[in-house]
Amino acid sequence: MKQCVAILISLAASTAMVNAAQRPNLVLIVADDLGYGDVGCYGSQRNQTPNIDRLAANGLRFTDFHSNGSMCTPTRAAMLTGRYQQRLGTKFDGPLSGKETRDHGLPLAAVTCAEVLQTHGYVTGMFGKWHLGYIPPWLPPSQGFDEFRGLGAGDGDHHTHIDRWGREDWWHNNQLDMQEGYTADLLTQYSIEFIEQHRSERFFLYVPHLAIHFPWQGPNDPPHRKKDHDYDNDKWGMVPDPGNVSPHIKAMVESVDKSVGQIVATLERLNLADNTLVIFTSDNGGYLSYGEQFKNISSNGPLRGQKGSIYEGGHRVPMICYWPHKIAPAVTQVTALSIDLFPTFGTLAKVNTNHLKLDGVDLTPLMFQSKDLPERTLFWREDLERAVRQGPWKLCVNDQLVELFNLNDDLGEKYDLSKKKPQLVQSLTDAWATWENDVNESAKAYEQ
């Protein structure tokens, strides 16, 4: 009997090795607060991004890709779980605070793509900004990552790694491990070491950069924060000309571009590029201004609104899929969003995710065969603000203000058509109500 069991185990292991040989490595690079118009391939004339532009020129570039939220935490929760973040409760409508919500984070019962990949033979590493929990057990090691280095908070000094409340915030797994160096450089170093160490295995590498989130510090800008000082009212860094933050943003964008180039160069040097899918995107749109003081920060190109907004500038973001000899160079106008990454990874890893009831859809037919995705209605909720997207039509509701836009004709959301299309407004409003009832019901499991 034991011999039969041993044979079965051996056969299972052999099958797993064969399947593993057919599955790609997965690299997900997410910039923070990077606007739609902040990189060259999306129209920036200010920032030099040759490495990201190279991915776009040789991969699939989306023009209608959206983050699930217009703030950090919501998108990260949706992206990693493949489900609308509202299914986890109303606290995931906005960013988790290190002051009010420090004692909880992404529910441990929530299933992440890292957990699924980990249980199916992938080595998983995350290097960067988590913002789904500040302390153990709400850090990445509890959510499927074999190795984690970076920050738990939503923002930290890019040089001293001190968070907004004056706390040390640089982790190695579940232990504080303060390191010297510029954040983007450290994350790149960790990523390269991870790839080199696991070159003979299947790996999932998640690199959520802190840049270009404030403090607005390029590599050559001075450190700002010190331990045990509260920076809640001084969180932006040392900006000599608040009316023109763009020089600092340019340096930060270009530090992310340099990181992308170094990671891809490592894949090429180790002959891994032909079996690695690299995805580059952002967690939300960029800030154009902040309060009355800070101006000329980021760029959202032709889009209305900015980070924190339900308008396109808040959530339409860059998205590039790069896989040499597998994904043909192209530009797609197909609409997709952050929750679609999990089911896509599942398909590529040959994992059945149907039982997880993901809200996202698999992007591989679009990636490899240029097929359209299924028609669907999409939703955003930022506390009392909401948006519904159906084809080219987008309904925006902010308190008593109701607006309807046709994005095919009006990408800048300038012309409200709600008075001319009352039946469509009602239809989208009804769809919203059905969706909200559904996600609120799901959230009860996490809010008890």
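Select Asp33, Ile212, His213, Phe214, Trp216, Ile249, Gly286, Tyr287, Ile297 and Ser298: these residues line the largest cavity. Here a cavity is a set of points, on a 1 Å grid over the protein atoms alone, where a 1.4 Å probe fits but cannot get out, and lining residues have an atom within 4 Å of a point. This is a predicted model, in which local features need pLDDT of at least 70 and side-chain atom pairs count only at pLDDT 80 or more, while totals for chains, interfaces and linings use all residues. Residues are numbered from 1 along each chain as its sequence is written, and side-chain values use heavy atoms, with hydrogens and water left out.

The volume of the largest cavity is about 50 Å³, where a volume is the space filled by probe spheres set on the points, which are joined across faces, edges and corners. The structure holds 1 cavity of 30 Å³ or more. Colour its lining by class: 6 residues are nonpolar, 3 polar and 1 charged (Ala, Val, Leu, Ile, Met, Phe, Trp, Tyr, Cys and Pro count as nonpolar; Asp, Glu, Lys and Arg as charged; the others, Gly among them, as polar).

Select Asp64, Gln333, Val334, Thr335 and Arg389, the closest to its centre of the 21 lining residues. That lining comprises 9 nonpolar, 6 polar and 6 charged residues.

Finally, select Met71, Pro95, His131, Arg164 and His213, which lie nearest the centre of the second largest pocket among its 18 lining residues. This pocket has a volume of about 190 Å³, and its lining has 10 nonpolar, 4 polar and 4 charged residues.

Technical notes: On a 1 Å grid over the protein atoms alone, a cavity is a set of points where a 1.4 Å probe fits but cannot get out, and a pocket is an open set with protein on both sides within 12 Å along at least five of seven lines; lining residues have an atom within 4 Å of a point.
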